[in-house]
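Thanks for coming. I will go through one model today, starting with the ligand site and then moving to the strands.

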Amino acid sequence: MKALIFGGAGQLGRALQDCAGERWQFDAVDLPECDIGDEAAVQARIARSDADIIINAAAYTAVDKAESEPELAQRINGDAPGYMARAAAEAGKGFVHISTDFVFGDGYDAPIAPDAVPSPLSVYGATKWAGERNVQAAMPDALIIRTSWVYAAAGANFVLTMLRLMKERSELSVVADQMGSPTLARDLAGAVLALAQAKAAGLYHYTNEGVCSWHEFAVAIGEEALAAGLLDTMPVIHPIPTTGYPTPARRPAYSVLDKAATWEKLGEPARHWRGALHETILEIQNNG
Ligand SMILES: NC(=O)c1ccc[n+]([C@@H]2O[C@H](COP(=O)([O-])OP(=O)(O)OC[C@H]3O[C@@H](n4cnc5c(N)ncnc54)[C@H](OP(=O)(O)O)[C@@H]3O)[C@@H](O)[C@H]2O)c1
């Protein structure tokens with residue numbers, strides 16, 4: 001199978017390309033070569049591609065900045081996935097789109113099923129939900145995978161931000177009343193390809209197994225980094241409420257996704273987030 005990846009330089013885009021082998025080959029584009037906000041450029045790139053499927057791993061992922069750039073976020077997260085899916089349908093290719101737990105808002109205390117009605121709290125969440133709807137309208141059997149708290153050994157993510165702060169400071173404060181599931185980009189990439197290969201269609205949820213708060217995630221990062229020798233001492237990590245760390249974008253207090261249908265399709269659940277984090281910290285250590 002061959003896939004054309006938009007967003008090839010992002011965390012998921014790179015992890016997908018790391019899966020290249022006998023089963024999968026990839027073409028990948030990103031900024032500045034191809035701006036997915038440019039409809040004509042996207043259509044032309046898809047029309048001349050010899051790929052079997054198109055994977056949209058590109059997105060406007062700056063959740064807080066999106067609050068002050070709603071039009072740009074809507075163009076990239078909302079409009080572009082729709083005309084990508086339309087171009088893929090016209091070219092007879094499959095289409096895979098990635099979305100987010102942040103399409104959901106307040107009021108949950110149990111894993112959220114794929115068919116729950118979104119109620120986004122932020123511009124990012126609202127534009128990602130618009131993207132889902134535009135994809136479904138253009139190609140009803142497109143594969144849409146919602147995920148959460150994505151990180152990798154390289155890129156802009158919570159793990160690397162925490163490691164930097166823990167090297168700089170002896171004390172830090174991290175929000176303890178937002179619960180979710182961290183997801184290693186490499187594991188997500190494997191699931192994206194497996195679901196595509198299984199011809200899954202419609203909405204699926206994928207994260208690593210397990211649930212934690214950002215505070216618990218930060219403590220685990222510190223513990224793993226200390227054990228790997230990336231830190232000399234464990235900083236004090238204070239749990240704080242969301243109100244103690246005001247951000248432009250509102251985030252859900254509980255956005256754990258129900259993955260039962262995904263595990264059934266894949267034949268097994270994902271590994272626990274702690275094991276994936278352990279592997280990533282060792283990878284960061286090896287990368288120097
Ligand atoms: N990261 C998370 O925690 C998270 C959580 C839930 C869902 N997701 C979803 O998972 C998917 C993959 O996320 P990720 O973490 O891999 O994101 P990422 O690392 O931010 O990668 C996104 C890529 O898209 C590119 N991009 C942005 N605007 C573009 C444009 N106009 N044209 C072409 N490319 C553009 C970015 O380039 P620049 O870096 O140059 O902007 C970047 O290379 C996205 O759909 C995201 O919404 C992510």
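The shell around the ligand divides into 12 nonpolar, 9 polar and 3 charged residues. Here Ala, Val, Leu, Ile, Met, Phe, Trp, Tyr, Cys and Pro count as nonpolar, Asp, Glu, Lys and Arg as charged, and the others, Gly among them, as polar. This is a predicted model: local features need pLDDT of at least 70, side-chain atom pairs count only at pLDDT 80 or more, and totals for chains, interfaces and linings use all residues. Residues are numbered from 1 along each chain as its sequence is written.

Of the 24 residues around the ligand, Gly10, Gln11, Ala58, Ala59 and Val150 come nearest; near means a C-beta atom, placed from the backbone, within 6 Å. Helix H1 (11–17) and strand E4 (94–100) are the elements that give two or more residues to this shell. Helices (H or I, at least four residues) and strands (E, at least two) are DSSP runs, numbered from the N terminus.

Now strand E3, residues 53–56. Ile53 and Ile55 on one side, and Ile54 and Asn56 on the other, are all buried, meaning 20 or more other C-beta atoms within 10 Å of their own, with C-beta atoms placed from the backbone; 12 or fewer is exposed, and in between is partly exposed. E3 pairs in the parallel sense with E1 over 4 bridges, where pairing takes at least two DSSP bridges. Leu4 stands opposite Ile54. E3 and E4 also run parallel, joined by 4 bridges, and Val96 in E4 is the bridge partner of Ile55.

Last, Trp149 has a positive phi, near 45 degrees, and counts as buried because it has 22 C-beta neighbours inside 10 Å.
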